[in-house]
Amino acid sequence: MKLSIISALCLFFSATGLYAQDYDKIYGRAAEAFPYPLRDFTYISPRYDHTSYSGGNGYFNSYYIRAVYTAQGKFHFRADLPLANTNTPENVFGLADASVRFTHIVKSVGQVFLGYKVRAVFPTATSDYLGSGKWQLHPGIGGIYFMNNSKGSVSFGVEYRFSYAGQSDRERVNVLGINPNFDFWFPKWYIGYYPSWTYNLDTYKWDIPLDIEAGYFIFPRFLLAAEVILPLVRHSSYDYEFALKFRYSFEMKKKK
């Protein structure tokens, strides 16, 4: 779904160990990148995302695998490989734009972590209807605060998404992203508000969504989560988004 700075901020917390049985300390979306207490963390996450528009007559579905690796308490790597299909303006199925992201924690003070991220998006889509046709970079900065006693987190980030090469007849990417996020954690589940507010610097239009996600640990290393996104501004380009996510943690190394 939207890959924004919010995630980026969240990316600032990797490294320090927990045993696999401590799944009740693996929290919300922030934990996808940097579980708190911090530790090395790796996971694979298949995801499904559905976007509806044109009064429900049009749709865009994506099916992708996300792989994440954190290391040395400072670095976070993420790769997304997506397939997609749409019925507008015609039925098409194929590869969408792939992306990778790198995040680096540069400073921490108590339970506050600050860092930067760079996401690269590649025009790998097999159809013009499934991708942007542009090479993109999304640099950003952000920070996250973990509440006392691991009750939740509050994060904020800003990013600039721009295209620098690609098909000349395709619309360029020139977007500011703002990500104010917070969530609350419980022994086996979490709920959070994870919007990515965007402002198109070419069309001068905002997209400010209501973005709610909840997740539940079915097994110690297996998470199931659902996300619903509703636009809050008039004349939005979409009606709603819905995502279903699975996450399997296959490495949780205890630090010496």
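# Briefing: pocket lining, strand pairing and salt bridges

Aspartate 202 is partly exposed, with a relative accessible area of 30%. In this predicted model, aspartate 202 forms a salt bridge with arginine 172, and the closest N and O atoms are 2.6 Å apart. Aspartate 202 belongs to the loop between E11 and E12, whereas arginine 172 belongs to the loop between strand E8 (152-166) and E9, so the pair ties together parts that are 30 residues apart in sequence.

**Strands E9, E11 and E12**

- E9 and E11 are antiparallel partners, paired over 4 bridges. Within this pairing, glycine 177 stands opposite threonine 198 of E11.
- E11 also pairs with E12, again in the antiparallel sense, over 3 bridges. Here tyrosine 199 stands opposite tryptophan 206 of E12.
- The hairpin of E11 and E12 has 4 residues between the strands. Tyrosine 204 is located in this loop between E11 and E12.
- Most residues other than glycine have a negative phi, and most peptide bonds are trans. Tyrosine 204 has a positive phi of about 60 degrees although it is not a glycine.
- Is tyrosine 204 buried or exposed? Its relative accessible area is 60%, and tyrosine 204 is therefore classed as exposed, the threshold being over 50%.

**Strands E3 and E4**

- E3 and E4 run antiparallel and are joined by 4 bridges. Alanine 84 has glycine 94, in E4, as its bridge partner.
- Proline 89 is found in the loop between E3 and strand E4 (92-95). The peptide bond that joins threonine 88 and proline 89 is cis, with omega about 0 degrees.

**Salt bridges**

- How many salt bridges does a search of the whole structure find? The search finds 8.
- One of them links aspartate 80 to arginine 66, with the closest N and O atoms 2.7 Å apart. Aspartate 80 is in strand E3 and arginine 66 is in strand E2, so this pair ties together parts that are 14 residues apart in sequence.
- Both partners in this pair are buried: aspartate 80 has a relative accessible area of 7%, and arginine 66 has one of 4%. Each value falls under the 20% cut-off for a buried residue.
- Arg66 and Asp80 are linked with Arg78 in a network of salt bridges.
- Arginine 161 forms a salt bridge with glutamate 159, the closest N and O atoms being 2.7 Å apart. Arginine 161 counts as buried at 14% relative accessibility, and glutamate 159 is buried as well, with a relative accessible area of 2%.

**Largest pocket**

- The volume of the largest pocket is about 2000 Å³.
- Its lining consists of 46 residues, and those nearest the centre are Phe60, Ser132, Arg161, Ser237 and Glu241. Arg161 is also the partner of glutamate 159 in the salt bridge described above.
- How do the lining residues divide into nonpolar, polar and charged? The lining has 16 nonpolar, 15 polar and 15 charged residues.
- Several strands each supply at least two residues of the lining, among them strand E1 (42-53), strand E2 (58-71), strand E3 (75-86), strand E6 (112-122) and strand E7 (134-146). Strand E9 (174-185), strand E11 (197-200) and strand E12 (205-207) also each supply at least two.
- Which strand gives the most to the lining of the largest pocket? E2 does, with 4 residues.

**Lysine 245**

- Lysine 245 is located in strand E15 (residues 240-251). Lysine 245 counts as buried because its relative accessibility, 5%, is under 20%.
- What does the side chain of lysine 245 make a polar contact with? The partner is the side chain of glutamate 213, at 2.7 Å.

Notes
Residues numbered from 1 in each chain as written. Predicted model: local features only at pLDDT ≥ 70, side-chain atom pairs only at ≥ 80, totals over all residues. Heavy atoms only, no water. 1 Å grid on protein atoms, 1.4 Å probe; cavity = no way out; pocket = protein on both sides within 12 Å on 5 of 7 lines; lining within 4 Å. Points joined across faces, edges and corners; volume = space filled by probe spheres on them. Nonpolar A, V, L, I, M, F, W, Y, C, P; charged D, E, K, R; others polar. Pairing = 2+ DSSP bridges. Buried < 20%, exposed > 50% of the residue type's maximum accessible area, 1.4 Å probe, protein only. Polar contact = N/O pair within 3.5 Å; in protein donor to acceptor, adjacent residues only side chain to side chain. Salt bridge = Lys/Arg side-chain N within 4 Å of Asp/Glu carboxyl O.
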